[in-house]
Amino acid sequence: MSHRLTWATLGFSLVATAAIGLAAPDPTPTPPAPGEKPVPKGEKKPEKKKPEKKKGKKKPDAKGKKGKKKPDVKGKKGKKKPDAKGKKGKKKPDAKGKKGKKKPGAKGKKPGAKGKKKPEKKKKPEKKKHVRVVKPGPVILIKNARVAGARGTFSLVMSKGKITALARQIPPRALQQLKVQQTIDAKGGRIGPGRIDAWASLGDAVPLGNALDGFDPYDTASIRAALSQGVTTVFLNPMRSTAASGQGAVIKLIPGAGRDEILVKEGLALHAGLGLSRGTLTGSLTDGQALTKFFEQVRNYQDSWVDYEEKLKKYLVALKKFAATQGKKGAKKGAKKGAKKGKPSARPTPKRPTRRPPSRTSSKKPGAATAKKKKAGPKKPARPKLNRGLALAGKVLDGELPLRIEAHRVEDIQNALELKKTYGFRLILEGASEGHLLADALAEAKVTVVLGSLAQGEDSSSYPMRRVPDLAARLEAAGVTVVIGSDGWAKSAILAEAAGLHASAGLSPASAEAAITTRAAKLLGLEKTGELKRGFVADVVLYAPSEFGAEAVSAVFIDGRLVYQRSTP
């Protein structure tokens, strides 16, 4: 029984094996899938391998790969880390770089955007103001000196070009602190501020220049003569011209000094004259009309520049709009052309050659393209021609400079007042020999009058002036500010004499002294000058009383340095 089962089982397995191994191939093979290459006969169809999962790869080589992986993974991690860091490192700098590029780019856009806005008008560089070179002397003490208007004696200390101390008594400890190097005993003589000649004409007109150009610094005789009368400062003006002439300059009378040391200020005023060439009413009328015509030209010149600037602003706005419209049109045309090029034509139509000859009346050449006329942009306004003389006179109308007019007769003074009323400039009147006839009008217009020396003798001309000896006193009584000058650079030595003559004719001695010191300094815009005060400029004059009671200049100090000393017999 067991043998039968064994053989039967064996037979069944043989039959099953034969059936499996000797199975006939399928006569109708399955067609290939779309996109799949057909398998040639006799070759088996390759089996589709399912994509192995990464975990599946790791699982078979778990131990081996783990052993290898740990270093590999570390290696990879090691590579990845540096790579990652490297990438990060690259990315970071790239990112930073990009950010760096973006940030400046972004920032760059902002200034660019700002740059696109109207740029701020750069102010024209102002002309550098002259800075005077001061060469002060040693620390000097003047003791036992009298001061005008005060009782007793005083002590004055000059240091670094300034008055550093002025008192009745200065303690020895303070003198040690001030480090006094030289002591001068005034012996009861008076000390006062340096005198200022506010009208020292050079006699020549300099239309566009400075009066200092006509000054001779080597004229030591005239300089010493002025110093001998206590004159330390002079206002030079290029007068003697009916038309507007050049600008004045303030200088210090330092013998042998250069321009940088003597020049204090320049370009203080513009100068003109009325009635200087003709002594008749017709001449006064002609000069007045000529000066009026000149200032009308100045005003028209200024208006032309104002109109030009306004038109230029409008032109720049219009130009910007025009450029923007041209840019938009160009962008639209470019977009249309790009769109046409991007669309493929289904049936390109070949261009047929034109066999028709050009007409005889046509001026165009055959094959010439008809160019459209471009729209013209805004027209730039024409710039006015530059005129230095009119530009300089424009500063008078703008209130930057006063106008100093020399006028003596009443008709010429009236013309000057009319010009001031019409154009509104600051007026300084020089001469004013008949000014007493218009004293109230001058006071109402707040005109400062600079007087010269009183004329001696009678006027023998055919049209004599109506002079009065007490002119300064009458003007001051009416409320006019009076300043005294010499009316000529070579006459600066007579400044004190001119002030004395006006004082003897009715002007108070204090006013006469102020007319050649404090008032003159204020008129010329000299700060901390013309008075004996602490912190003021050390331009000091030392006087010594003579046997007859008259004061004589003993020594002169400019910036605290001795520049003149009277020689003793």
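Is Arg132 buried or exposed? In this predicted model, Arg132 is buried, because its relative accessible area of 16% is under 20%. The close-ups below start from this residue.

**View 1. Arg132 pairs with Asp559.** The two residues form a salt bridge, with their closest N and O atoms 2.4 Å apart. This pair links distant parts of the chain: Asp559 sits in the loop between β15 and β16, Arg132 in the loop between α3 and β1, and 427 residues separate them. Asp559 is also buried, at 4% relative accessibility. Both belong to a salt-bridge network together with Lys252 and Asp539.

**View 2. Arg190 meets Glu551.** Here the closest N and O atoms of the salt bridge are 2.9 Å apart. Arg190 lies in strand β5 and Glu551 in strand β15, so the pair ties together parts that are 361 residues apart in sequence. Arg190 counts as buried at 11% relative accessibility, whereas Glu551 is partly exposed at 39%.

**View 3. Helix α9 and what follows.** After the helix comes Gly424, which has a positive phi near 70°.

**View 4. Leu442 in the largest nonpolar core.** This core has 74 residues, and Leu442 is one of those touching the most other members, as are Leu236 and Phe295. Helix α7 (residues 281-342) supplies the largest share, seven residues. Leaving aside neighbours within four places in sequence, the contacts of Leu442 include Ile413, Leu417, Leu429 and Val480.

Definitions and conventions. Residues numbered from 1 in each chain as written. Predicted model: local features only at pLDDT ≥ 70, side-chain atom pairs only at ≥ 80, totals over all residues. Heavy atoms only, no water. Helix = DSSP H or I, 4+ residues; strand = E, 2+ residues; numbered from the N terminus. Core = buried A, V, L, I, M, F, W, Y, C linked by side-chain atoms within 4.5 Å. Buried < 20%, exposed > 50% of the residue type's maximum accessible area, 1.4 Å probe, protein only. Contact = heavy atoms within 4.5 Å. Salt bridge = Lys/Arg side-chain N within 4 Å of Asp/Glu carboxyl O.
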